[in-house]
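Here are some notes to read alongside the model, written for someone meeting it for the first time. Please take them in order, with the structure open beside you.

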Amino acid sequence: MTLLAHDWYPAEVPPNVTLGERSWLHSSFAFVHHRSERDPSVRIGPDCGLYKGTYFDLGPQGQVEIGKCCTVNGATFSSNDRIVIGDYALIAYGVVIAGSAFAVPPDARAAMGEDSRLLEHQREVRIGDDAWIGSRAVVLGGSTVGNGAAVGAAAVIDGEVPDYAIAAGNPARIVGWARPSHPA
Amino acid sequence: MATSRRAATRAEARKPTPEPSGGASDRSELPSNVYVGAGCMLERTRDTFAHYRSTQDPGLQLGEHVRVFQGTTFNVEADGSVEIGEGSILAGVIFMCAEAITLGRRVVASYNVTITDCDFHPLDPDLRRRDAIAIAPEGDRSRRPQLATAPVVIEDGAWIGIGAIILKGVRIGRGARVHAGAVVTRDVPPDVTVAGNPAEPMDASQHE
């Protein structure tokens, strides 16, 4: 039960959400559609910045894990499955990471009745360390974005982006590679 | 407030400015030409009707059990009119309406979908310059050239994927699927799935 000291929205952060040391969350408004019953439902590592326009629209089984030192500059996580993000990932404004191409907030899914079964190809999304997701890109359920990979603005990812690949377009294709200049 | 700002630590000073208290929800009266059916859910913020200028009646009509989530905005010009059928879900949809946008029943429109019935500026560069002058902050908007509009219709049970854009004059058939990020410039027949920019029918091998 946490109230963010700087928050303009008069709600608590849900009890199954954990925020790491020195991490910053713009507002508890991020959880306005959060319905996850998992514990933890959202686990954010240390030194992460989650800025305005970030939303966790998670269904009862939805779960988001974010590593350390990530920047989420206004992205929507909408899923009833797991979304796992590594360390040092950068996620730009307007990005949607969702279990399905037709994702809706969990309350709406519940209201759709029979139709919502068609949304149930909800699958896990994995985004690696040092990944970079460009503005308004969409990453769909079952996708993997590799370590150090870059996803271009407005790209639609529905599959695997290998480590250090640069993927862009709709549907996304690999358009180049960017390997580390100082290998570990 | 000034006291607390003075007391702020260096770390806090780097933080983004919080929104003013009560910034999210708009509890003012709805415009009188907005009709809301029984059982609707309207998650309204200050942005939802910030650019709603319809003088039509109705200017916006939500059927029964329509669910409108935060992020949805009804940007409707004076001559525009938007109708949403029973049981439809708008997960965060940007409507840009100058004439008519009609959604049937049980339409699902996902996050960041844009639906527009107008390009809002002329294609002819001379006319477009006239428009640019007319819409300047101190310009005379009555001198705007006539805008070409064409109604958009989305039929019953159609689903529009994340971030898709539906352009003017398009009819999306009953039960059709518009994949995430698609830009729809032409009609989509019933029960057909389209994807890409410009949107084209998707063959099964492309996906899954």
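Predicted model: local features only at pLDDT ≥ 70, side-chain atom pairs only at ≥ 80, totals over all residues.

**Notes on the model**

1. Residues are numbered from 1 along each chain as its sequence is written, chains are lettered from A and ligands numbered from 1 in the order in which they are written, and side-chain values use heavy atoms, with hydrogens and water left out.

2. In chain B, B:Cys118 is in no disulfide either, with the nearest cysteine sulfur, that of B:Cys97, 9.1 Å away. A:Cys70 is buried at 2% relative accessibility, and B:Cys118 is buried at 2% too (buried means under 20% relative accessible area, exposed over 50%, partly exposed in between, with a 1.4 Å probe and protein chains only).

3. Chain A has an open sheet of five strands in the order β5-β8-β11-β14-β17, with parallel pairing. Strands here are DSSP runs (E, at least two residues) and helices are runs of H or I, at least four residues, numbered from the N terminus; two strands pair if DSSP finds at least two bridges between them. The edges are β5 (55-58) and β17 (156-157) of chain A, each pairing on one side only. Strand β14 (residues 138-140) of chain A joins β17(A) in the parallel sense over two bridges, and A:Val138 has A:Val156 as its bridge partner there.

4. Over all chains, the structure holds 13 salt bridges, a salt bridge being a side-chain nitrogen of Lys or Arg within 4 Å of a carboxyl oxygen of Asp or Glu. One of them joins A:Arg43 and A:Glu65 at 3.2 Å, N to O. This pair links distant parts of the chain, 22 residues apart: A:Arg43 is in strand β3 (residues 42-44) of chain A and A:Glu65 in strand β6 (residues 63-66) of chain A. A:Arg43 is partly exposed at 41%, and A:Glu65 is partly exposed at 23%. Both belong to a network of salt bridges that also includes A:Arg82, A:Glu124 and A:Arg126.

5. B:Arg53 lies in the loop between β2 (41-42) and β3 (60-62) of chain B, and B:Glu77 in the loop between β5 (73-76) and β6 (81-84) of chain B, so the pair ties together parts 24 residues apart in sequence.

6. Is B:Asp131 buried or exposed? B:Asp131 is buried, at 0% relative accessible area, whereas its salt-bridge partner at 2.7 Å, N to O, B:Arg144, is partly exposed at 21%.

7. Finally, the second largest pocket holds about 830 Å³ of space. Its lining has 33 residues, and those closest to the centre are A:Gly53, A:Tyr55, A:Tyr93, B:Gln70 and B:Gly71. The lining divides into eleven nonpolar, 16 polar and six charged residues (Ala, Val, Leu, Ile, Met, Phe, Trp, Tyr, Cys and Pro count as nonpolar, Asp, Glu, Lys and Arg as charged, and the others, Gly among them, as polar). On a 1 Å grid over the protein atoms alone, a pocket is an open set of points where a 1.4 Å probe fits, with protein on both sides within 12 Å along at least five of seven lines, and lining residues have an atom within 4 Å of a point. Points are joined across faces, edges and corners, and the volume is the space filled by probe spheres set on them.

Notes:
Disulfide = S-S within 2.5 Å.
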